[in-house]
Amino acid sequence: MSEKAAVLVAGSWGTALASVLADKNMEVSLWTRNEAQKEEINVLHRNERFLPGVALPGNLKATTDLETAVNGAKAVVMVAPSSAVREVARSLKPYWREDMLIVHATKGFEIESLKRMSTVISEELGCEEGRIVVLSGPSHAEEVVKRSPTTVVVASLVEEQADLAQDLFMNSYFRVYTNRDMVGVELAGALKNIIALGAGMSDGLGFGDNAKAALLTRGLAEITRIGVEMGANPLTFAGLAGIGDLVVTATSRHSRNWRAGYMLGQGKPLPEVLSSMGMVVEGIRTTKAAHAISQKYQVQMPIAAQLHHVLFEGLDPRTAVEALMGRDRKTEMEVMSLETWEQWHS
């Protein structure tokens with residue numbers, strides 16, 4: 001009998017990761033609340049809303065019953081939108097076992113508490129945060145389901161847990177590295193969505209490659225600056241979860257965040273942008289969270305601040321760019337505070 005894994009829920013990334021596991025000849029149960037989506041996956045082997053034109057493995061089965069999905073599973077992979085992670089984790093609690101590997105691949109924050117997803121999940125399951133693994137990195141679902149070569153990172157506070165997740169996912173086209181810096185991997189994955197929004201906005205304004213290259217470079221410095229203040233290893237932001245995911249998300253039309261930013265740059269109002277997307281744009285929620293986090297830690301995040309003005313205060317995108325270009329002179333190496341630098345080098 002093959003080993004079983006459960007994936008919650010059946011969006012584009014959840015379906016793609018379920019496909020990776022199915023390709024390893026595992027019994028894969030994909031949980032959805034949508035009866036029609038369940039039938040489409042089980043009968044037609046399709047998930048047309050999220051991954052149009054893609055045939056899914058036959059050993060990937062969908063269910064609307066959470067207990068059925070996780071019963072007997074050695075691993076549960078949570079890929080819900082950040083706004084739903086606490087609810088999904090709470091629903092999982094009655095069926096969670098101590099020997100069950102929990103992996104999440106959600107890139108965002110809980111807006112109300114500003115908590116990372118691993119913290120939210122551990123709170124609801126009543127387990128130590130070290131029991132949770134985060135999966136992140138440059139990985140468009142549209143390419144993963146077509147078995148295009150993809151490389152990601154799994155991180156946990158406990159090395160053994162990361163090793164288990166690496167073994168779970170690793171196959172001929174899906175390469176997995178491990179990392180102990182779970183905080184950095186989670187922060188990088190969430191915060192790069194803000195910069196991707198900005199990159200799309202820059203393209204929508206027609207500013208060209210020079211502007212976008214500067215935005216990505218300074219955006220990475222901004223992400224690193226707040227990350228190290230929150231306890232992350234600065235080297236994480238130079239890896240797959242940092243610059244790797246930033247590049248793929250900020251330069252591709254597969255990226256929802258880039259597409260949303262592009263439409264904003266073309267002058268479309270936010271409600272129209274969200275309506276036309278039809279899927280969650282995590283960068284918008286993350287911009288709100290990052291604005292609050294930067295104030296909490298008293299760390300400057302000028303790109304996030306200007307995007308916050310555009311998204312939630314009605315500032316014209318072109319005016320936001322002018323404000324960024326007109327900031328006071330800075331040194332390029334101003335990435336972290338002297339106190340934090342000394343901590344990392346002590």
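**Exercise 1. In what order do the 8 strands of the open sheet run?**

Work on the predicted model, where local features need pLDDT of at least 70, side-chain atom pairs count only at pLDDT 80 or more, and totals for chains, interfaces and linings use all residues. Residues are numbered from 1 along each chain as its sequence is written, and side-chain values use heavy atoms, leaving out hydrogens and water.

Solution. 
- Define the elements. Helices (H or I, at least four residues) and strands (E, at least two) are DSSP runs, numbered from the N terminus.
- Define pairing. Two strands pair if DSSP finds at least two bridges between them.
- Read the order: E3-E2-E1-E4-E5-E8-E9-E10, with mixed pairing.
- Find the edges. Strand E3 (60–63) and strand E10 (174–179) each pair on one side only.
- Neighbouring strands are turned by 25° against each other on average, direction ignored.
- Zoom in on one pair. E8 and strand E9 (residues 150–155) are antiparallel over 3 bridges. Ser136 has Val153 in E9 as its bridge partner.

**Exercise 2. Find the strands that helices H4 and H8 lie across.**

Solution. 
- Contact means heavy atoms within 4.5 Å. Axes are lines fitted to C-alpha atoms, for helices over the stretch in contact, and angles run from 0 to 180 degrees between N-to-C directions.
- Take helix H4 (residues 85–92). H4 lies across strand E1 (4–8), strand E2 (27–31), strand E4 (75–78) and strand E5 (101–104). Its angle to E4 is about 160°.
- Take H8. This helix lies across E5, E8, E9 and E10, at about 40° to E8.

**Exercise 3. Locate the largest cavity relative to the domains.**

Solution. 
- Name the domains. The assignment, automatic or from a database, gives domain 1 (4–180) and domain 2 (183–326).
- The contact takes 30 residues from domain 1 and 29 residues from domain 2.
- Define a cavity: on a 1 Å grid over the protein atoms alone, a set of points where a 1.4 Å probe fits but cannot get out; lining residues have an atom within 4 Å of a point.
- Search. The whole structure has 1 cavity of 30 Å³ or more. The largest cavity holds about 60 Å³, a volume being the space filled by probe spheres set on the points.
- Inspect the lining. Of its 13 residues, His104, Thr106, Lys107, Val134 and Glu186 are the closest to the centre. Strand E8 (132–136) and helix H8 (182–204) each give two or more residues.
- Conclude. Both domains give residues to this lining, so the largest cavity lies between them.

Terms used. On a 1 Å grid over the protein atoms alone, a cavity is a set of points where a 1.4 Å probe fits but cannot get out, and a pocket is an open set with protein on both sides within 12 Å along at least five of seven lines; lining residues have an atom within 4 Å of a point.
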